[in-house]
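The sequence and the model are shown below.

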Amino acid sequence: MILHGYWRSGTSYRTRIALNLKGLTYDQAAVDLRTGQQKSDAYLAHNPQGLVPALEMNDGTVLTQSPAILEWLEEQYPQAPLLPSEAVARAQVRAMAAVVGCDIHPLNNLRVLKAIKGLGADEAATSQWIGQWIHDGFAALEVLVARHGKGWCYGDQPTLADCYLVPQIYSARRFNIDLSAYPHLLAIEARAEQHPAFMAAHPDQQPDADPA
Ligand SMILES: N[C@@H](CCC(=O)N[C@@H](CS)C(=O)NCC(=O)O)C(=O)O
């Protein structure tokens, strides 16, 4: 498999975590978002939406949209399950993932930030916008993790929810968001820093990492 992605992209990061948790090997093809490579003809052939990630299978089939990719991985590779066995618990894990995937990340994505800047938002207004959606979602997740977590977002094993949360915390740190109000989320971040699948998925560990 080839993961087309970008080292600092949260959606690529969440996909790498899921692949690693399942013990799958994959190659990576870097799509440089800074230079607009996601809009190149070559990449648009993989994903007409011009967004990363895309997962190319060995037979050439390409999957897009990280939620669909993660659900496919879960169905195709049931080892190290990312979802609990009970239906209500599965819905609760998916709900936690959706707080990030539907209600935080899309509002702070590169193209959305470019759009609000294009409408006249300056740096301060853009930072306020970013912080608003992160705090809104993290406040709810803090309650949910306190309720359901026993070391991870849900229970004592990493689930889909952790695949989404950890990259969003990384992104919040890049945006200098004060996370002190979220001790349960910070405990998961600390745990992920010690977990091999999360460590290997970290942006700084990727072949295209360019922290300069
Ligand atoms: N819902 C999509 C969102 C993908 C997405 O927004 N990817 C970002 C990187 S995290 C991207 O490619 N941004 C490029 C751009 O905005 O031009 C998914 O989960 O795969």
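In this predicted model, the residues that line the largest pocket divide into 15 nonpolar, 16 polar and seven charged. The volume of the largest pocket is about 940 Å³. Its lining comprises 38 residues, and those closest to the centre of the pocket are Leu 33, His 105, Asn 108, Asn 109 and Leu 110. The greatest contribution to the lining of the largest pocket is that of α7, with six residues. Both domain 1 (2-80) and domain 2 (87-197) take part, each supplying at least three residues to the lining of the largest pocket.

The second largest pocket has its own set of lining residues. Among them are Tyr 13, Val 166, Ile 169, Tyr 170, Arg 173, Phe 198 and His 202. Two or more residues of this lining come from each of α7, α8 (183-192) and α9 (196-201). Here α7 provides the largest share, four residues. The lining of the second largest pocket divides into seven nonpolar, two polar and three charged residues.

| Pocket | Volume | Residues from α7 |
|---|---|---|
| Largest pocket | volume of about 940 Å³ | six residues from α7 |
| Second largest pocket | volume of about 190 Å³ | four residues from α7 |

Note on methods:
Residues are numbered from 1 along each chain as its sequence is written. This is a predicted model: local features need pLDDT of at least 70, side-chain atom pairs count only at pLDDT 80 or more; totals for chains, interfaces and linings use all residues. Side-chain values use heavy atoms; hydrogens and water are left out. On a 1 Å grid over the protein atoms alone, a cavity is a set of points where a 1.4 Å probe fits but cannot get out, and a pocket is an open set with protein on both sides within 12 Å along at least five of seven lines; lining residues have an atom within 4 Å of a point. Grid points are joined across faces, edges and corners, and a volume is the space filled by probe spheres set on the points. Ala, Val, Leu, Ile, Met, Phe, Trp, Tyr, Cys and Pro count as nonpolar, Asp, Glu, Lys and Arg as charged, and the others, Gly among them, as polar. Domain bounds come from an automatic or database domain assignment.
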